[in-house]
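Keep the picture open as you read.

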Amino acid sequence: MNTYLKLNLLGNCFQQRCYLSTSPILHSWFVRLTNVTQVNTEAATPKHTRKRNYPLTYEQRQFPKLIGHTKTWNTFNTSNLRDGKRKAETVSDDLFLRQFIYGTWHSLFVSELIIKRRHNMIILSGLVTRTIHPRRMYFLIGYTEEILSALLKTPVKIEIQTVENKEDVIFTYW
Amino acid sequence: MSLTYLKLRLKLPSNNMLVFIRTYRQAQRSTGPKSQEGEFRTLQLTPAKNNRSGPMKKRPKPVYKEVLPPRYLRMSTDQDWTNVWPTATTFKQSVVPLPITQGYVASDKENKGLPIEKRANAELMKIPNFFHLTPNHIKKHCAAIKQYCTPWPEEFNSDEACEYYLPIQITTHDYLNSTPSIRDTRARVVKFNFKLTQLEFDEHARDKFVRLAGPRYNTDTDELTLVADKCPYRKQNYDYAQYLLTALYFESWKTETWEQERTKNDWQRYYWDESPSRDRLLDILKAHEKDPSSVNSKSLLDRNKKLVERYRKSISRVQDEGVENELKNLKDYKNDVLMLYNLKL
């Protein structure tokens, strides 16, 4: 501090950028970082391709900052509410469920997996393409329900809708 | 996978012609000859030049049976919706016969500028729907649970009657969570709520009851609220609250020896009958008697009963009530005092 005073830098600092301020919110010289509305807006936001021909679904087009405005959450439960129970367990279960469905229903889901919890029941839903034989799909439904119920110790139900192919869910080209 | 059937013919010494049919799987892009006649086949380590098939072929798309048209096109318009959608389920575009759209379209480049219809719309699958709670559904539910209901008791025809027959209001909370366990620690709390007029008291017992209850007693509504949440289970808390109420009530009827030592400062409200104001009034009344020694205080008060009662009430109001009616109370008090003195003086 004394050296600053000696070098007469302090006056210049105040005029340009306020290094000595104690409040990082109001007087930070890099305002974008501390302004809460502007942090973490880059995640999951794709860049435009040069030809603007990269297909996006509605889910991908509505960027994370639009959750609650133009799209809703993919997980519905009471743990996220105030005084909710089993917060950590619910999150880890969700991660596991998504990984399981990603592997078991490989390249079949064309939407994000929607996980709804009602009482002790877990309901998985989403859009699936009709690229495999219906018999195999019925097997997958039964297999997934059975093995997930046994693993998570709660009844798991699958309520899916089918679409013809991936082109059906294209919302825009980015 | 394609199955190729290979026929191998073997010539045996006898004249009988035996035909062996051998079936096995063969790779799809097999470079070998499709079928060979004879016992021995040629071994081809490298693919023959003339059989080279060029770049990798795209696997043909499997063709399945044509998908039936959606159910909402096939079902009759006068059907019972409760049978179509009996319970809570995720939205199904093939079943709901409504032209629903959901989603935000920012420009013409998105979805051709059109609102997003129900087909292949994941947003509609996320949100909860009420297709299982139409008026017809509710009617069916009511009809089903009617057998478990009992008629409303005729005695409880008004709020006052309910208050009279059910003096204590017991509040508990049940919590529904989307978890495998139905237990919730918050459900243990039991709240008892009742008005003090429901209990039988004398002056002393009521005073002591209110003192023992402390902040649990609400003076404005004359209500006592007991909250029991110390024990881990609701039943235990309920029992404890019952015990607490019983103990409070019977304890308030006891009079301890040290309770005689209370002074004017300990009064919850103004007791004019024990106050120095009464002595002063008696003195004044007595002074106006022709023969002060012949009268006692009781006869004095009896003689001026109406005025004294008025005076007592107005001075009690001034002492007890807050600032809200202070001006009016003081005015009344002044009038009463003047009346008292005007009559006598």
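## Rings that pair up

Rings of Phe, Tyr and Trp (for Trp, its six-membered ring) count as a pair if their centres lie within 6.5 Å. With that in hand, and remembering that this is a predicted model, a search of the whole structure turns up 21 aromatic pairs over all chains. One of them joins Phe201(B) and Phe209(B): the pair is tilted, with 5.0 Å centre to centre and 55° between the planes.

Ring pairs also tie Phe201(B), Phe209(B), Tyr249(B), Phe250(B) and Trp253(B) into a cluster. Buried means under 20% relative accessible area. Phe201(B) has 19%, so it is buried, and Phe209(B), at 0%, counts as buried too.

## Around Gln93(B)

Where does Gln93(B) sit? Look in the loop between α2 (81-84) and α3 (122-126) of chain B. Gln93(B) counts as buried because its relative accessibility is 15%. Leaving out residues up to four places away in sequence, Gln93(B) touches Gln161(A), Tyr72(B), Lys118(B) and Arg119(B).

Two of these names come up again: Lys118(B) lies over the face of Tyr72(B), 3.8 Å from the ring centre. Likewise, Lys92(B) lies over the face of Trp85(B), at 5.4 Å from the ring centre.

## A helix with two sides

Now for α7(A). Its buried residues are Met137(A), Leu140(A), Ile141(A), Thr144(A), Leu148(A) and Leu152(A). Seen down the axis of α7(A), the buried residues fall within an arc of 100°, so they line one face of the helix. Covering them are elements including α6 (87-104), β4 (121-129) and β5 (156-163) of chain A.

On the other side of α7(A), Arg135(A), Tyr138(A), Phe139(A), Glu146(A) and Ala150(A) are exposed. After the helix comes Lys153(A), with a positive phi near 60°.

How values were computed: Residues are numbered from 1 along each chain as its sequence is written. Chains are lettered from A and ligands numbered from 1 in the order in which they are written. This is a predicted model: local features need pLDDT of at least 70, side-chain atom pairs count only at pLDDT 80 or more; totals for chains, interfaces and linings use all residues. Side-chain values use heavy atoms; hydrogens and water are left out. Buried means under 20% relative accessible area, exposed over 50%, partly exposed in between (1.4 Å probe, protein chains only). Helices (H or I, at least four residues) and strands (E, at least two) are DSSP runs, numbered from the N terminus. The arc is that of the directions from the helix axis to the C-beta atoms. Contact means heavy atoms within 4.5 Å. Rings of Phe, Tyr and Trp (its six-membered ring) pair if their centres lie within 6.5 Å; planes under 30 degrees apart count as stacked, over 60 as edge-to-face and the rest as tilted. A charge sits over a ring if NZ of Lys or CZ of Arg is within 6 Å of the ring centre and within 35 degrees of the ring normal.
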